[in-house]
Amino acid sequence: GMPSIVTAPAGAGLVHTGEEGILVPTCNVDGLAHALERLIGSAEVRSAMGEAARRAVAAGHGWQDYADRAIVAYGDVLA
């Protein structure tokens, strides 16, 4: 239930800016500062993004979901 600040391209597709958190271009210090200010400055924004993040995890983006997909991917590579 926590919003995330992630960098692109690594976080692209995992977090959608304004929904589950904020996506910041890699090495963009000003973008990171702005994202932190946005989340620190508004409990309402943090709560809404946190709830969206919780729903995303419940819909198949939790740690176990990633582990399960990784095991299948490794199995495909080794097959």
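Helices (H or I, at least four residues) and strands (E, at least two) are DSSP runs, numbered from the N terminus, and contact means heavy atoms within 4.5 Å. The structure is a predicted model, in which local features need pLDDT of at least 70 and side-chain atom pairs count only at pLDDT 80 or more, while totals for chains, interfaces and linings use all residues. Residues are numbered from 1 along each chain as its sequence is written, and side-chain values use heavy atoms, with hydrogens and water left out.

Within α2, the buried residues are Met-49, Gly-50, Ala-52, Ala-53, Ala-56 and Gly-60. Viewed down the helix axis, these buried residues fall within an arc of 165°, so they line one face of α2. The arc is that of the directions from the helix axis to the C-beta atoms. Ala-43, Glu-44 and Ala-58 are exposed and sit on the face of α2 turned away from its buried side. Here buried means under 20% relative accessible area, exposed means over 50%, and partly exposed lies in between (1.4 Å probe, protein chains only).

A search of the whole structure finds two salt bridges, a salt bridge being a side-chain nitrogen of Lys or Arg within 4 Å of a carboxyl oxygen of Asp or Glu. Arg-54 is paired with Glu-51, with 2.6 Å between the closest N and O atoms. Arg-54 and Glu-51 are three residues apart in helix α2 (residues 43–61) and are therefore separated by about one helical turn. Both residues are partly exposed, Arg-54 with a relative accessible area of 40% and Glu-51 with 33%. Glu-51 also forms a salt bridge with Arg-55, where the closest N and O atoms are 3.7 Å apart. Because Glu-51 and Arg-55 are four residues apart in helix α2, about one helical turn separates them. Arg-55 is partly exposed at 46% relative accessibility. Through shared partners, the salt bridges join Glu-51, Arg-54 and Arg-55 into one network.

Glu-20 belongs to the loop between β1 (4–8) and β2 (21–25). Glu-20 is buried but has no salt bridge, and the nearest side chain of opposite charge, that of Arg-55, is 7.5 Å away. For charge, Lys and Arg count as positive and Asp and Glu as negative, whereas His and the chain ends are not counted. Apart from neighbours within four places in sequence, Glu-20 contacts Met-2, Pro-3, Ser-4, Leu-14, Val-15, Met-49, Ala-52, Ala-53 and Ala-56.

Glu-19 lies in the loop between β1 and β2 and is partly exposed, with a relative accessible area of 45%. Residues up to four places away in sequence not being counted, Glu-19 touches Ala-48, Met-49 and Ala-52. The C-alpha atoms of Glu-19 and Gly-31, twelve residues apart along the chain, are separated by 17 Å.

Leu-14 is likewise placed in the loop between β1 and β2 and is partly exposed at 47% relative accessibility. Leu-14, Trp-63 and Tyr-66 form a nonpolar surface patch with about 390 Å² of accessible area together. Patches are made of residues with over 30% relative accessible area and no salt bridge, like charges being joined within 9 Å and nonpolar side chains (Val, Leu, Ile, Met, Phe, Trp, Tyr) within 5 Å. Accessible areas come from the Shrake-Rupley method with a 1.4 Å probe, and for residues only the protein chains shown count as cover.

His-61, placed in helix α2, is partly exposed with a relative accessible area of 41%. Beyond its neighbours within four places in sequence, His-61 is in contact with Ala-56, Tyr-66 and Arg-69. His-61 and Pro-9 are 52 residues apart in sequence, and their C-alpha atoms are 18 Å apart in space.

Cys-27 lies in the loop between β2 and α1 and is exposed, with a relative accessible area of 75%. The phi of Cys-27 is near 65°, a positive value in a residue other than glycine. Most residues other than glycine have a negative phi.
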